[in-house]
Amino acid sequence: KKYLPGSTVEVILESSNRPFSGGRIVDGRCAFFRKGNYAQPTQIRIRTFSSVRQTTSKLLEEIGRTLRHEMHHYRFFEAGNRVDRLIDQFIYEGAAIAFEIELDPANPPPYSNALNDVEKRKLFAEVSQELLETGSYNKWMFGSGNKPMWAGYSLAYEMIKSYLIRNPEINSTNLIRHAPVDKFLDFFKSKESSNFAG
């Protein structure tokens, strides 16, 4: 309520025997249904992978991190933002990661820095051509072909981080209600983008 005020949210915590991508012990998802180009949230589901042995404190830490990320998504969807195009998906993933890091800067999530500088520059050039497309989310976020696991998350966070540095009056919470899609598209086309990822 302090950082992301809004309506009451149903949060479901469940255990799973299925391993998650990237070796994570906790996985989260903001469950929603689509209405045109927009999504309407219904609940947040957080699953733990029961066969991975972890201390209670580590498990609770990961659940907390996941809840912060998914709550940011929930508020983003609740505000009526588009989520169908890759640029929209980069904004909502990058802003959720930035929110996680704002609240816990000493423990950035592994998907925020899954690429080295060479990979960032190469993949940044590729993703710039696909930003207005739909159907590319899984390829960029979870890896496919020459796209490493979590490449999209890392690029999305770099994009948001760069924007927040240039606009210090804004934070990741502001982006929920005022996601400047046109400014991000302009950034990708500008000379500034050559400084992206390093």
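## Tryptophan 150

Tryptophan 150 has a relative accessibility of 9% and therefore counts as buried (under 20% relative accessible area with a 1.4 Å probe and protein chains only, where over 50% is exposed and in between is partly exposed). This is a predicted model, in which local features need pLDDT of at least 70 and side-chain atom pairs count only at pLDDT 80 or more, while totals for chains, interfaces and linings use all residues. Residues are numbered from 1 along each chain as its sequence is written, and side-chain values use heavy atoms, with hydrogens and water left out.

Tryptophan 150 lies in the loop between α4 (137-142) and α5, where helices are DSSP runs of H or I with at least four residues, numbered from the N terminus. Although tryptophan 150 is not a glycine, its phi is positive, at about 70°. Most residues other than glycine have a negative phi.

## Helix α5

Helix α5 (residues 151-166) spans 23 Å from its first C-alpha to its last over 16 residues, close to the expected 22 Å (1.5 Å times one less than the number of residues). Because 13 of its 16 residues are buried, α5 is largely enclosed by the rest of the structure.

## Helices α1 and α2

Helix α1 (residues 56-78) packs against helix α2 (residues 86-103) at an angle of about 135°, with the axes 9 Å apart; axes are lines fitted to C-alpha atoms over the stretch in contact, and angles run from 0 to 180 degrees between N-to-C directions.

Notes. Helices (H or I, at least four residues) and strands (E, at least two) are DSSP runs, numbered from the N terminus.
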